[in-house]
Every structure is written in C-alpha cells, then in structure tokens.
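Trainee: New structure on my screen. Where do we start?

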Amino acid sequence: MTAYIEATKYIESIPKFAGKNTVEDIGRLLALLVGDEIKSRIIHVAGTNGKGSVCAYLRSVLQESNRSVGMFISPHLETMRERISLNGEWISKEEFTDSFEKVKRLVASTEGAEFSHPSFFEYLFLMAMCYFKEKQPDYIILETGLGGRLDATNCIRRPAVCIITEIGYDHMQYLGDTLEEIAAEKAGIMKTGVPVIFTDKRPETTKILKKIAQKEISPVVMLTKEQILNVNRDNKTIDFSLHTGYYNYVSLTLHTTAQYQTENASLAVLATEALKDELITPYSVRRGLGAAFWPGRMEEVLPGVYLDGAHNEDGIEAFLNSVREDGCRGKRLLLFGVVEDKRYEIMIRMIADSCLFSQVVVTGLETDRSASMDKLKKLWDQCGGTVHRFYEDAGEAYRDLLFSKGAEDTAYVVGSLYLIGQIKTLMRRMQDD
C-alpha cells in the first residue's frame, strides 16, 4: 500500500518538472520498454466529446464476443487506476506499482539522453502499455488525452481501426481556434490503409476529415444521422435501430437516458464491423451495448439524481436535449461547476436560456483550474429568473441540492469531470459513514 501511494504521489508531481516529448520520442521509449512483444490489435480513439463512452461500448461488445480487452483512458474521476483496465477491471494497486517501477527504471536508464522526463499523461501511457505487454489482451483500446496528432498514444504506428468522435470547441489554446483546425489535429491519428470511423455531423469538420483520410489513403466509414432510426426513450433505456453496411438493420437497446449515447454506441458498432472479427455477431453487439456502463454520463446515482460530465458547450447542448425528454413531473434542479479554461460564459447562457431549471446551485472545485467564483456569480446573476446559490465547497453544494429536492423532482450534477469525481468520492464516503 505504501509503495502504491508513493507511486501516485510521484506521478502527481510530474508536471512540476517534466518536459514535453515528441511522439517519436515516446515511440522510442515504448520500444525500449516493450519491444515488439505486444501482439494485441489496437483501436485508437480521438475526438472532443464521447471518446470515453465509445471506448466503453466497444469494450463491452468485444467482451461479449469472448475477446479480452485492455483499455487506457483519460481523464479519471477518482483514482489513476481507472485509466488502465483489463476486461473492465482496474489495474490492481500491486500491478500499478510494478508498472510504475518499470517505467521509472527506464526513465533513469535514459537520463542524459535526448528524451525529456515523460509528462503525467506520457508516464501513465507507458505504464499501461507495460501492463498490457504482460497481459497480452486480444484488443487494446487507446483514448487520446488531448488532440491526436501530437498525442503520446499516436506513437502506435499500425492500429486496427481509428475512431474520431464528435468534434467541438475545446482546448483551443492547444488545438486551434476553429473547428477546422481542431479537426485537423484530431485527424492526426489516421494511418495509411487503416479504416477510420467518424460522424458526419458538421460540414466543416467532415470536409477536413475526408480530405486527410484521402491523403492518408484511409478507408472511411461515416455515420450519418439517417442511419439512426426509430429512437424510443423510456424512463431507463433507449431503443433504436441502426442501419449499417454489414448488419443491415440491427435493433439495439442502451441502458441510459442520455440521448446522445445513440451516436456513440453507433460509432462503436461501425468500428466492430471494420474489425472483421468472426467472433463479433449481431447478438454479441446487442448484448454488449445493453450491458455497457460508463460512469458520469447521465449516471443515476440516487433516485432522480444524475451526474453528467458535460464540460463544454457541445456537451451542454447534448445534456439539455436529454433533459428536455426526461419526463420530470416535479421541478428540475442543477448543480454546476466548471474549470477556468472552458468557455463557460457560453455554457451558462445555454443553460439559462433553456429555462429548464427552477434552481441552480453553483460550486467551486478542488483544483487550481476552478473557475473564479466571482466571475461565476456575475454571469449567473446576469441570467436572472432562476434561484441561484453559490458554494466554494462541492460537498456543501451537493447537500444543498439533495435538501432542496422533492420526491417528484429531478436533480442534475453537471459540468467538469473534476466535479463528477468529487461528488462520486463524497457519495462513497457518505455511504461508508
């Protein structure tokens, strides 16, 4: 236990002294760490919104198809161990520590070479690949951390399939100010001859993705809104039909109330087609999607209490579309928290203009990235109409939300994944008390 705690403390301290390596640098470090010993087929996932959900749906379908699946994701909600998993089980503390030590020894052995110390994300990626080398799963699902072209995961030269989820405005300080620039960075994961799956959602991003795919000679599988048919939502599930080139029409059920998940699940289905794996059948696809779960995405944690990590304007739009269909018989309450580097002025205006919530509770976050409470107060007060309450502490804000909620009301905790993680930790502690 002490070794595990020391390992996490070391990794948390990395941003204070790590430089940024190139993708080629990480590729060389990875080769020194695992050589060519990883035989797994790799699925590479980039995008602005929905990456984690697509990964979860894919993993579940592959597992229902009797395939073993390693997965590396970013960010985590409560513990770093969430980022590295095998068949849905987080890496153990002992294996986390073992992988950490192996990467640490590699870093020490290359000291003075042309490499910088791996960054927080790079270190965890190397640990994940070290772990997967030992486990040799049939598939490895890799989620990019930021962008795609310059992401550490992009050192993988020959994935089986690439997926690009919805592209929107996020991390513009790194990826560009326009959707076209952001799309070009995400498209950097495309590889020659490797199928790429993406959504035809915005003409300006579709144009860029098609252009780069043509340059890379990457076969394109595009999801259009016309392929998702007969969407029927009840209190706990969403039923819909998906038309594909391989399965023709397949009827699917998702155990979620988030309407946006039909798109993410559909991307996962199209990716399974591109894998051409004989063990993946319409039956395993249906079973896998029905069994899939992804925390913090319209997750009902108590009766009538939902957590949703809608942390940018596209996420908020998708969240609001789901709320409009929630069938709430009482009032709707909202707990909102956001980090400073998001376009939260737009997010707040979208929420206020929706007129869906009778009360809004606003909170600060346990991170130095938290948006200024003074700015948040000013913006929410300008919206008027709704009852607003403000807390520096998310625990106090959450207790206020629960106290205000009546039996027929629906309460939502929405915004930064920092907030979702804090509330999940708080709930676990409350249950333990």
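Mentor: Start with two helices: H1 and H5 are oblique to each other, because their axes cross at roughly 140°. It's a predicted model, so local features need pLDDT of at least 70 and side-chain atom pairs pLDDT 80 or more, while totals for chains, interfaces and linings use all residues. Residues are numbered from 1 along each chain as its sequence is written, and side-chain values use heavy atoms, without hydrogens or water.

Trainee: How far apart do the axes of H1 and H5 come?

Mentor: Within 8 Å. H1 covers residues 2–13, and H5 covers residues 120–135. Helices (H or I, at least four residues) and strands (E, at least two) are DSSP runs, numbered from the N terminus.

Trainee: Which residues make the contact of H1 with H5?

Mentor: H1 brings Tyr10, Ile11 and Glu12. H5 answers with Phe120, Tyr123, Leu124 and Met127. Contact is heavy atoms within 4.5 Å.

Trainee: How does H2 pack with H5?

Mentor: H2 (residues 23–34) packs on H5 at about 30°, axes 10 Å apart. The two are therefore roughly parallel. From H2 come Ile26, Leu29, Leu30, Leu33 and Val34. On the H5 side they meet Glu122, Phe125, Leu126, Met129, Cys130 and Lys133. The contact counts 9 nonpolar, no polar and 2 charged residues.

Trainee: Next pair. What angle do H3 and H10 make?

Mentor: About 130°, with the axes 7 Å apart. That makes H3 oblique to H10. H3 is residues 51–64 and H10 is residues 282–291. Tyr57, Ser60, Val61 and Glu64 in H3 touch Ser284, Val285, Arg287, Gly288, Leu289 and Ala291 in H10. Their contact splits into 5 nonpolar, 3 polar and 2 charged residues.

Trainee: Switching to voids. How many cavities of 30 Å³ or more are there?

Mentor: There are 3. On a 1 Å grid over the protein atoms alone, a cavity is a set of points where a 1.4 Å probe fits but cannot get out; a pocket is an open set with protein on both sides within 12 Å along at least five of seven lines; lining residues have an atom within 4 Å of a point. Points join across faces, edges and corners, and volume is the space filled by probe spheres on them.

Trainee: What lines the largest cavity?

Mentor: Ile164, Thr165, Glu166, Ile167, Phe198, Thr199, Lys201, Arg202, Thr205 and Leu209. Strand S7 (196–199) and helix H8 (203–216) each give two or more of these. The space is about 60 Å³. Its lining has 4 nonpolar, 3 polar and 3 charged residues.

Trainee: And what about the second largest cavity?

Mentor: About 40 Å³. Ile351, Ala352, Cys355, Leu356, Phe357, Val360, Trp380 and Thr386 line it. By class that is 7 nonpolar, 1 polar and no charged residues.

Trainee: How much space lies in the second largest pocket?

Mentor: About 340 Å³. It has 20 lining residues, and Asn235, Gly304, Tyr306, Asp326 and Thr410 are the closest to its centre. Strands S12 (297–302) and S17 (410–415) each supply at least two lining residues.

Trainee: What is the phi of isoleucine 217?

Mentor: Positive, about 55°, although isoleucine 217 is not a glycine. Look for isoleucine 217 in the loop between H8 and strand S8 (220–223).

Trainee: Why flag those two?

Mentor: Most residues other than glycine have a negative phi, and most peptide bonds are trans.

How values were computed:
Axes fitted to C-alpha atoms, helices over the stretch in contact; angles between N-to-C directions. Parallel < 35°, antiparallel > 145°, perpendicular 65-115°, else oblique. Nonpolar A, V, L, I, M, F, W, Y, C, P; charged D, E, K, R; others polar.
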